Structures are given as structure tokens and as C-alpha cells.
Amino acid sequence: MKQSKLFVNTLREAPSDAEAVSHQLLLRGGFIRQLAAGVYSYLPLGWRVLRNIERIIREELDRAGAQELLMPALQPAELWKDSGRYDAYGPELIRLRDRHDREFALGPTHEEVITALVKQEIGSYRKMPVTLYQIQTKFRDERRPRFGLLRGREFLMKDAYSFDTSWEGLDHSYRNMYEAYERIFQRCGLNFRAVEADAGAIGGEGETHEFMALAEVGEDTVATCSNCGYAANLEMAKSGEQAQGKNQPTTEPIQKIHTPNVRTIEQLSQFLEAAPQEIMKTLIYMADDQPVAVVIRGDHEVNEIKVKHYLGAETLGLADPEAIQKAVGVSAGFAGPIGMKIPVLVDFAVLQMAAGVCGANETDAHVIHVVPGRDFSIEQTGDFRNAEEGDRCPNCQEGELTFYKGIEVGHVFKLGTKYSDPLGARYLDSNGREQTMIMGCYGIGVSRLLSAIVEQSHDDRGIIWPQAIAPYQVHLIVISTKDEAQVTLANELYETLQRQGMEVLFDDRDERAGIKFNDSDLLGIPYRIVVGKEASNGKVEFVERKNNVKQTLSKEELVAQSV
Ligand code: ATP
Ligand code: MG
Ligand code: MG
Ligand code: MG
């Protein structure tokens, strides 16, 4: 590619509202342009990097046996109502109506669509396990789109979904994806760490991990123990949620409330409906902006509850009571938006602890206003959420916790039957019996990953692309377009290197050398070849962007080196 023809020029300054370094450098380098808050165009250079990242993702997922497909972004609201998420998802879901006044949503994620699709296509255990993935534009009306591609409202995601016939099968699919993720992030040159996604759920069911790119600009805080190596995301520390005042623990003292005759789903539902707001608020925990109701069973028979939550009256989804019982040893029911199993387990663990203290497990009683860390030490609950740096590790009870900032670039999650159950994705097992499919879901923020890499890989002069994803491998610069020897040699190298399969950006512009070098540093292509004064001797300068190491090489040496 000749730089004189490149669509967009570099900018000397980034707009003042670009706070994150990656945002500034990507704008200045002409990799992206903003259209609206959190909505960006990927320009030719940026698109090349994205395609390289996508290629790595595809190679690794295909290698792991996953199959690529592409699903619609436009999704009928009906599907979301069937799964129970239409209201629970809240204002992040972009909703619209067609000309016939039918409701639609723009997909922020595709559990509903894929489950409906697989339900249609798979009827027998013989077709499972299967893992399907896509790389697609997602829409989320984020409260605070910021930091360029790091938190967009329209962004590129790779999302994958596995369908198994058993929990052991799911374990296997999950591991398989987890390992593929490790390879993907390694190949992208990312400094990352896999952490437990929910800080309060050590060893619980519904395993979930996040892949965190280590970076100061990250909105997540990860607690890690030097002794046992355990690392978990302190979800509660997320600035956005605190700013909104949700997820804040109550300041009220812990209290046992009398809940006479609440033994059935209907009774519970009635009780909650009649309960004053205060009780509602603490019985119904907020997690990740989603209402999560928690009820300890005691000897009650509760395995499904319907609650009215703050956002409007809506039926929430049903969790897997068996899994909860297995994980926390309490038979219990809970209602929460589908996919929100983990925070519930945390709360169960907490309430279970509470039970010993103030009798929540008594018949006709529940505790309210429970604050982990205040009412129970985090060691007791194994809950990291209110942990502070220097605290004893809740996992091993020995090491000390240290904190670091991370960007969530990937997330793997064992869903179980959260979607397959309400959406009726069933199959016939080898005995001809109907069973519910067991699912996992796996996401990578493709455009976020690009920014995360820039956050980690830059200096004060510009971006330093890891070779595997760089927009071009070689930046060829001719110092003087007026010097015939230089122009001839540069053109010759441009042809030869490309013939050898190199991707070359050729700065053939009639510009001062200083401008060319500044731009070259900013664009961050791994290798630079400078054709200057020594061209008449057939020599060029070869420079590595990451360490600025320079060598003078003959044309022949250079060509030999690049083979
Ligand atoms: P976050 O906690 O940052 O809001 P999330 O947990 O809501 O992310 P997931 O639902 O797990 O996101 O989506 C899968 C992946 O998509 C995330 O791990 C992240 O890399 C990416 N992602 C999520 N939201 C955005 C966004 N607004 N802009 C860019 N990438 C995003
Ligand atoms: Mg989010
Ligand atoms: Mg998250
Ligand atoms: Mg996530």
C-alpha cells in the first residue's frame, strides 16, 4: 500500500475528550473515527488489525472444533420475552418497532437466538456436543460509553455457544474454549490473566472466568493472592455501578423478618408484592444492574418465585435448584434474570452464614440487610467482593490480597439450562427420553481487545503493534522522493518484499523525513526500512519499532532476512 494513497492522514493531536491512551493513539493514527458516542468507523488500518485478530480467533476456534455461523442482529422481542430477559436486561437493550408495530431488539448477545436455532435443528443426542460461534456487531446502550473502543455502544464481539448432553460434557466444552482463549490472547501478544469472574463464588456451580488484560485504564479490579494464586474480579468495585448507586450494600443493620406462611411460590410472590419497598430491596439483591431475588428455603417448598422488581413487573427466569443445592448445601429457590446464577450463589452463601447467626433458616423467617464483610467476615463467606488490598485471602486464608486493574477482554460461562429450559431446547437421549440441553457461552470483545493491546503496547511516540496483528509487517520509507537512487531502490524493495509475501506500507509521500518518522512511530508497524543517502550504495537502514535497534543492511541482506 502506498501511503500517498492511504485514505486517512494522521492527526497531530487527539480530541481533548479522548482520555485513554489507546483512544488517543487510534484516533491520531487514523485507525478509527467516531460517528456518535460509543459508535466508531474502523478505517483501513484499523480494519486490517481487526481482521488479523479475527483470523487468530477463527484459527483457534476452528482448531478447537467450533463451527462458525452468523446470526441476525435484529431480534424479535418475543424471544427475549420467552427467556425472561426483555425487561430484566434494562435500558442497555436497544429496542425498536417495525412498520407493523412489532417489537424488536438489536442483539447485545445471542443466547436467545442461538438457543431457538439449535432447538429447531437438533432433536437427538447424536448431534451433540456442538459449539457454534460468530463474529458480529453487538449493540448495547451503555450508560457510559467511553475510552473509544473499550466501551462502545456498537462493537465487535466473538460469541460462542456450546450444547452438551451432560454436565461433564459441559465441563469439557468449557475447558476446550478456555484453552482456546489462552492461545488466542497469547498469539495476540496480550498480557492477560484468567480470573474467577465472580468474586463471591469460590467453587460454586455455574463456573465462570474472565480474561483480563492488565492495564491501568481497566474498569475492573482484580484481587489476587500471592500464596495460592487465586484471582477474582471484584465486581462490586466497578465504578459505573457505584456511580449509579446500584449494588451498594445497605447501611441498615442486619435484621430477621417474620415471614409467616411463606411456603409456596404463590405465597412468596404474594409476600413480596405486599412487602414494603425496604424489604423488597434487600431481599432482592442487585447484581450487575440486574435484580436477583434470594430466598432460603428452610423447610419451605420453594423452587420457583416470581417477583416484581424495580424496573417493572416482570417474571424472572428460573435457576437450576439442583445445582444450587449441590453447590451450597441448602435447598433453595431463587429467581433472577437467566444467566445470573453466580451472584445468587454468593448471596446464598452469605445467607447461609447468616442462618447460623440469626436464624434465617428458621421456618417463617428471612434475614434482610445482609452485608457481606460487615455482617460476616469475608473469610467466613469466601466472598471477595468487599475485600481490601492487604486482607487475608478468603480462599487459602494465608496469603495477602493485592489488587490490579484489568480490562475484561473475554468471558466464559457455564449456563447450564438457563436458556434451554425456558426456550424449550430439548433432545432425545439414547433411551429415547426427552432431556434439556446443557449450555455454555463464551465471548471475546474483538474491538475492545484491539484497544487493550494498544493500552499495553505503546510508548510516548505511538503504538507498538505485536507482529501477529500489525496492520502491515514492514514500513518502507523513502527519505527523498526527489532522489532517483532512493526512489528506484525503494520501488524495487516494495515490489520484491511484497512478492515474498510481506505486507508493506510504503511511505512514498513528498514529506519531510521528520514527519515520516513521526508518523511511522505513531502507526507502530513492527519493522521499518529507511531508504536514504546510502541508497546509491545499495544500503538501507532496518529499524525495529519496539526497541529502536538499527542496522544498516545491503539490499541483498535485507531480502534474505525477510524470507
Ligand atoms: P463489561 O463488564 O465490561 O460491561 P460484560 O461483562 O457486560 O462487559 P459480556 O456480556 O461478558 O460483557 O460480553 C462478552 C465480551 O464482550 C466482554 O468480555 C467484553 O470483552 C466485550 N464487551 C462487552 N461490552 C462491551 C462494550 N460496551 N464495548 C466493547 N466490548 C464489550
Ligand atoms: Mg456490561
Ligand atoms: Mg463484566
Ligand atoms: Mg462479562
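Visitor: How many other C-beta atoms lie within 10 Å of Met71?

Guide: There are 18 of them. A residue counts as buried at 20 or more such neighbours and as exposed at 12 or fewer. Met71 is therefore partly exposed. Bear in mind that this is a predicted model.

Visitor: Where in the chain is Met71 found?

Guide: In a loop. Strand 3 (67–68) comes on one side of the Met71 loop, and strand 4 (74–76) on the other.

Visitor: Which residues does Met71 touch, leaving out those up to four places away in sequence?

Guide: Met71 touches His110, Val113, Ile114, Gln134 and Gln136. For a separation in space, take Ala20. Met71 and Ala20 are 51 residues apart in sequence, and their C-alpha atoms are 32 Å apart.

Visitor: Now helix packing. At what angle do helix 1 and helix 13 pack?

Guide: Read the angle together with the axis separation. Helix 1 (residues 21–28) packs on helix 13 at about 100°, and the axes are 8 Å apart. Angles of 65 to 115 degrees count as roughly perpendicular, so helix 1 and helix 13 fall in that class.

Visitor: Which residues of helix 1 and helix 13 meet?

Guide: Helix 1 brings Val21, Ser22, Leu25 and Leu26. Helix 13 brings Ser451, Val454 and Glu455. By class, this contact has 4 nonpolar, 2 polar and 1 charged residues.

Visitor: How does helix 2 (residues 44–63) pack on helix 13?

Guide: Their angle is about 110°, with axes 10 Å apart. Helix 2 and helix 13 are therefore roughly perpendicular too. Val49, Leu50, Ile53 and Glu54 of helix 2 meet Val446, Ser447, Leu449 and Leu450 of helix 13. That contact divides into 6 nonpolar, 1 polar and 1 charged residues.

Visitor: Which elements each supply at least two residues of the shell around ligand 1?

Guide: Helix 13 (446–456) is one of them. The others are strand 8 (154–164), strand 21 (401–416) and strand 24 (438–445). Strand 21 gives the largest share, 4 residues.

Visitor: Which residues come nearest to ligand 1?

Guide: Of the 15 around it, Phe155, His411, Gly443, Gly445 and Arg448 come nearest. The shell has 3 nonpolar, 7 polar and 5 charged residues.

Visitor: How many helices and strands are in the protein chain?

Guide: The chain has 16 helices and 31 strands. Of its 563 residues, 46% are buried. Among contacts between residues at least 6 apart in sequence, 69% join residues at least 24 apart.

Visitor: What is the average pLDDT of the protein chain?

Guide: It averages 80, and 71% of the residues score at least 70. Over residues 236–249 pLDDT stays under 50, and the model has 20 contacts for them beyond four places in sequence. Residues 376–381 also stay under 50, with 19 such contacts. As overall scores, the model has ipTM 0.99 and pTM 0.79.

Definitions and conventions:
Residues are numbered from 1 along each chain as its sequence is written. Chains are lettered from A and ligands numbered from 1 in the order in which they are written. This is a predicted model: local features need pLDDT of at least 70, side-chain atom pairs count only at pLDDT 80 or more; totals for chains, interfaces and linings use all residues. Two residues are in contact if their C-beta atoms, placed from the backbone, lie within 7 Å. A residue is near a molecule or strand if its C-beta atom, placed from the backbone, lies within 6 Å of it. Ala, Val, Leu, Ile, Met, Phe, Trp, Tyr, Cys and Pro count as nonpolar, Asp, Glu, Lys and Arg as charged, and the others, Gly among them, as polar. Axes are lines fitted to C-alpha atoms, for helices over the stretch in contact, and angles run from 0 to 180 degrees between N-to-C directions. Angles under 35 degrees count as roughly parallel, over 145 as roughly antiparallel, 65 to 115 as roughly perpendicular and the rest as oblique. pLDDT is the predictor's confidence in each residue, from 0 to 100.
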